[in-house]
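Student: I am new to this structure and would like to look closely at one part of it before widening the view. Could you take me through that part slowly?

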Amino acid sequence: MIQQSEVVEKREQHAVRASHAKSSACVVGTLTIADDLPPELAQGLFAAAGTYDVAIRFAEGPGETLGDRVSTHRGMTIKVFGVEGEKLPGHDAPTQDFVLATGRTFPSGTASGFLSDAKKIGTATPLPEGVKSAVSSMARNFNKVLSVFNTAYAKADFFGHPFSHPVGNDYFSQAPMRYGDYVAKLSAVPASQAQDALGEWQLDPHEDEDGFRHAPTNYFRDHEAVFELKVQLWANAETQPIEDALVEWPSQGKQHRTSATVRSPAQEAYSSARASYFDEVMTFRPAHSLAAHRPLGSVMRARLQVYHALSPFATARTGLLKKTPLTSQPSRPKPKQEAPIMSTAVNSATYAAMPIGTVPTKLTINGETRTRAIEPWTTLLDLLREGEDLIGTKKGCDHGQCGACTVLVDGRRINSCLKLAVTLDGAEITTIEGLGQPGNLHPLQSAFCDHDAFQCGYCTPGQICSAQGLINEGKARTRDEVRELMSGNLCRCGAYTNIIDAVLDVIGEQA
């Protein structure tokens, strides 16, 4: 596959992903876990109700950039942020990736089949695009014939998927995975009226060679997309093999049950800047997983090793450090809440006035409410410091480990370096500047001065905002409780004793 990537790099004058190279839509949204799941579905990530931020990448299958006449299988990858728990070896970010594709099964089936098919695809990579288009057409027509007999050939769909709308497709994990104490396959199924209306949509690739990109981009300008994440639990060793991913697990009754809902609001789904971030900075891999959702089967073990081997090649060629951007979540899932949507004041006219590639987001920052044009990968910290010139909020580790960037969102303390700003539509944000100003200090600011609770002062804005969030929570009354609940805010000068004195002083006054 490295040789295949080298051929593509030489032809396209830059390195691309070894699979799913051509993105068609790059969107953000939320994943909401239902609060009434039965025990067998309340497993792993889905063990408790909550809402998580997600980034979703829709892409075409080949590891090269081809015109849409070559309509192969498609992918939908979901990166869930703020996920705590034991991860697979080598994955230390608080994220969970679900890598899905349009085929119900993995056409290679086993590790040996995967390696054999990879060699064949590598051999075919240098062939002209016209040859690949012809092969795709033959495979697609072959499955059309099979559909008369209510069947399909997985490998034919892999090379020749119908010209359907990417946002209207069903997507599948194809191979099984651990599902907590169980084994399961996952699927993402469209669940909105707007997506249902896409059922008859067909691309004419002779009119638009990038139609699979233009179609979802146009869709997301006016509509949200909703997918139900469904679980099919393993129940029969004979009919539901784990080691052979080519065998489709038979469905009986209501075996596919919804465990969560993925919702992406209307937004600008594609721009060169956004695509560059999703395609070249972010990575979506089955290995980015909780141990509770470990991919299973020989084909997945082979894929994990291949992707691991390809990673240094991709990093060296792009010149970018492949990193997973984070967003904030507590150590346990948030209480269930409605998925954030765009302000009702944001309409098509507002979008037209916004720069391409930005998302109109209504925020109240220190009492001032307005709609801002925000690039979807911008963290709240960067927005505050670079977009609003509120430099009291400090950038320390930029990984949610030091607390220097703590601010209040709807009265709740968060690490602003870990929160995508566009996910806060409608929120009220308070920074250190909003708590108090010279001549009108907040009680905590006065207490920090009275108790000499700082030395260099770099961590102080985050300490004070965190302390206010702690007071809002109403959980701390003793020195030990304050020490424990403020432990996420580091002071490299070691002023902890005086910081606790200051916080307890204000708690005592408000008791």
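Which residue just after helix 12 takes a positive phi, and of about how many degrees?

Tutor: The residue is aspartate 452, which takes a positive phi of about 50 degrees just after helix 12. Before going further, please keep in mind that this is a predicted model, in which local features need pLDDT of at least 70 and side-chain atom pairs count only at pLDDT 80 or more, while totals for chains, interfaces and linings use all residues. Residues are numbered from 1 along each chain as its sequence is written, and side-chain values use heavy atoms, with hydrogens and water left out.

Aspartate 452 has this positive phi although it is not a glycine, and its place is in the loop between helix 12 and helix 13 (460-473); here helices (H or I, at least four residues) and strands (E, at least two) are DSSP runs, numbered from the N terminus. At 49% relative accessibility, aspartate 452 counts as partly exposed, because buried means under 20% relative accessible area, exposed means over 50%, and partly exposed lies in between (1.4 Å probe, protein chains only).

Turning back into helix 12 itself, which covers residues 443-450, we find that its buried residues are Leu444, Gln445, Ala447 and Phe448. Seen down the axis of helix 12, these buried residues fall within an arc of 165 degrees, so they line one face of the helix; the arc is that of the directions from the helix axis to the C-beta atoms. As a general point, an α-helix has 3.6 residues a turn, so residues three or four places apart point the same way.

One member of that buried set, glutamine 445, counts as buried at 10% relative accessibility. Leaving aside its neighbours within four places in sequence, glutamine 445 is in contact (heavy atoms within 4.5 Å) with Ile432, Leu435, Gly436, Gln437 and Ile464.

In helix 10 (residues 380-387), the residues Leu380, Leu381, Leu383 and Leu384 are buried, and what covers them includes strand 10 (359-365), strand 11 (368-374), strand 12 (406-409), strand 13 (412-415) and strand 14 (428-430). Just after helix 10, aspartate 389 takes a positive phi of about 60 degrees, although it is not a glycine. Aspartate 389 is placed in the loop between helix 10 and strand 12, and at 59% relative accessibility it counts as exposed.

Let us now widen the view to the nonpolar cores, a core being a set of buried Ala, Val, Leu, Ile, Met, Phe, Trp, Tyr and Cys residues joined through side-chain atoms within 4.5 Å. The largest nonpolar core has 38 residues, and those with the most contacts inside it are Leu31, Leu45, Phe46, Phe58, Ile78, Val80 and Phe220. Strand 8 (residues 225-233) gives the most to this core, with five residues. Apart from it lies another core, of 27 residues, among them Val281, Ile365, Leu384 and Ala421.

A search of the whole structure finds 10 aromatic pairs, where rings of Phe, Tyr and Trp (its six-membered ring) pair if their centres lie within 6.5 Å, and planes under 30 degrees apart count as stacked, over 60 as edge-to-face and the rest as tilted. The rings of phenylalanine 46 and tyrosine 179 have their centres 5.6 Å apart and their planes at 25 degrees, so the pair is stacked. This pair links distant parts of the chain, 133 residues apart, with phenylalanine 46 in the loop between strand 1 (23-33) and strand 2 (50-60) and tyrosine 179 in strand 6 (residues 177-179). Phenylalanine 46 is buried at 1% relative accessibility, and tyrosine 179 is buried with a relative accessible area of 0%.

Finally, the count of disulfides, each a pair of cysteine sulfur atoms within 2.5 Å, comes to zero. Cysteine 456 is in no disulfide, the nearest cysteine sulfur, that of cysteine 493, being 3.6 Å away. At 58% relative accessibility, cysteine 456 counts as exposed, whereas cysteine 493 is partly exposed, with a relative accessible area of 32%.
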